[in-house]
Amino acid sequence: MILKAIVDEIKADIQAGVTIDDSRLDDAYIAAKVHAARAIVIENYLRTRINFVSEACTQTLDFRFLEKDLDAEVVSFDCPSVITADISSDGFVYVGRIDGMKPFKRNRLGYFTLGQHSYYKNSNNIFWDFSVNAQGYEKLNFYKNKRLEGARVKAMFNNPLDVPGFRVDVDNYPVDQNVKSGIVEMVTLDMFKKLRGEPDRVSDGNDKPLPPNK
Amino acid sequence: MTGQDYKSILENKYDKAYSSYFSDTQLNRMIKEALYRTVDKIYSVNDSRKEADELYSFIIKNEEVEITAADRVNVDELSETYYHLLRMAFTFRTPITFTYAAGVYTSVGHNLRKGDIVTVTGATDAAHNKDYTVTKVFGDKFYFDLAYVDGDISLVQTSEASPKSSDNKKSIFHAGTVNSPKYEATYDVGYFTPKSFILDPTPYSILVDYVLAPPVTIDVADTSTDLEKTYSYKFLMRVADEVVMVVGESTRDTTEMQIAARSVIDNP
């Protein structure tokens, strides 16, 4: 099911089952709420189902679309942020060799411990972590192999549209039917509350609907 | 039914005693007013089933217009006289950079999917210049049913568009995108319908459904044009009821207006 199908389902629910495009709500507005609702539903699943979430909710990052940076033996690629439940549960499902057979070790200790700990110094594994750099770019960093050209990353991203190569008009939105029904219900209820309020249609510099006595 | 036959029906409806009260010119003027009012009333109700029955001869569907101006389409580029917009869709063509060898098209980092439509343009062999369906995608390779010789290839995408309103323009959610494009009507002095539609983002072409202005004028002196070849009988009767309403307004005859209103309820 593509994103537009979910957005249209929400709009049809709000319009009592009629699928006409006569709404004051922009599709991009509803889509933003769908992304947020998806993150909340999946985060709840991560907490309550001991990190098990359907494969349908994951996306694979295609390294053909990514620029490789090399700085002081750290190889970095752009990577959108993932859904996070707590310090040990987040949306990364697999980060490892491109054939999917060898996951890399995740570094959760912080840079200053890496070079000191014997586990890191003596290990032949590739380590990785996720961070936001000084320019505000979200990066996947790989340590201990500066010749690394690519890896396979499978994750549940905060905004599926941020994943390079994702075609919003034809690719399935990364949810299963369970998550989708949770999203539709959450957003529809939110919309009903919002639609009770009158929009401010009068351009008079004031945040209120029609002025009195008009 | 000719215009003169229609005049007889009208005279029976609004009262024969008044039949010589209106000249043909006055009657034609009232009919024109009633005709446009009826089209607007049916259009504004927005009942799709009624639209198909009542305004069928007024509706153009899926007319394709290639965009030649920078960011807009002029209304006079449409094949008929535009009156009301029903729907607009944008068709985009995104060029693809590729190489070809032995039946395999290769494009690093392409975004194609199986089932996508690609179009070939500018090929020396004119038979190659048409749309194709991508049959297989694997990594950087994609396939469709053409032994490539020359020409340009573009991905074809069509998206339904929504109207853009001035007050909403500052919102990022209201901006036009390839997947959610927007159109905006612009007017010109002296025009009562849009002169052009500004398109955001600018597509290759648009598909438009629209209501056209009444295609055939009803002339009560005409004895040759068959009105029922353009308008349904029911619609002509509906317009006649609207004419009676106009007659009642012009003669300040409230009884006439009430009778007409009752007729409209019986024949909506």
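# Reading strands, cores and helices in a predicted model

Guide: Strand β7(A) and strand β8 (residues 127–132) of chain A pair in the parallel sense over two bridges; here helices (H or I, at least four residues) and strands (E, at least two) are DSSP runs, numbered from the N terminus, and two strands pair if DSSP finds at least two bridges between them. This is a predicted model, in which local features need pLDDT of at least 70 and side-chain atom pairs count only at pLDDT 80 or more, while totals for chains, interfaces and linings use all residues. Residues are numbered from 1 along each chain as its sequence is written, chains are lettered from A and ligands numbered from 1 in the order in which they are written, and side-chain values use heavy atoms, with hydrogens and water left out.

Visitor: Which residue is the bridge partner of R106(A) in β8(A)?

Guide: The partner is W128(A).

Visitor: In what order do the strands of the open sheet of chain A stand?

Guide: The order is β2-β3-β9-β8-β7, five strands with mixed pairing. The edges are held by β2 (68–71) and β7 (105–106) of chain A, each of which has a single partner strand, so one side of each lacks a neighbour in the sheet.

Visitor: How many bridges join β3(A) to β9(A), and how many does β3(A) share with β2(A)?

Guide: β3(A) and β9(A) run antiparallel and are joined by five bridges, whereas β2(A) and β3(A), also paired in the antiparallel sense, have four.

Visitor: Is β3(A) largely enclosed or open to the outside?

Guide: In a regular strand the side chains alternate between the two faces of the sheet. In β3(A), four of the five residues are buried (under 20% relative accessible area, with exposed meaning over 50% and partly exposed in between, for a 1.4 Å probe and protein chains only), so the strand is largely enclosed by the rest of the structure.

Visitor: Which residues touch the most other members of the largest nonpolar core?

Guide: In soluble globular proteins, nonpolar side chains tend to be buried together. A nonpolar core is taken as a set of buried Ala, Val, Leu, Ile, Met, Phe, Trp, Tyr and Cys residues joined through side-chain atoms within 4.5 Å. The largest one has 49 residues, among which V34(A), F92(A) and F142(A) touch the most other members. Elements of chain A that each supply at least two residues to this core include α1 (3–14), β6 (92–96), β9 (138–143) and α5 (177–195), and α2(A) gives the most, with nine residues.

Visitor: What is F92(A) in contact with, beyond its neighbours within four places in sequence?

Guide: Counting heavy atoms within 4.5 Å as a contact, the partners of F92(A) include C79(A), W128(A), F130(A), L140(A) and V153(A). A second, separate core has 34 residues, including L10(B), L35(B), A240(B) and A260(B).

Visitor: How does the length of α1(B) agree with what its residues should span?

Guide: The expected span is 1.5 Å times one less than the number of residues, and for the twelve residues of α1(B) this gives 16 Å, which agrees with end C-alpha atoms 16 Å apart. G3(B), Y6(B), K7(B), L10(B), E11(B) and Y14(B) are buried in α1(B). Seen down the axis, they fall within an arc of 140 degrees, so they line one face of the helix, and their cover includes α2 (24–45), α4 and α5 of chain B. Just after α1(B), D15(B) takes a positive phi of about 125 degrees.

Definitions and conventions
The arc is that of the directions from the helix axis to the C-beta atoms.
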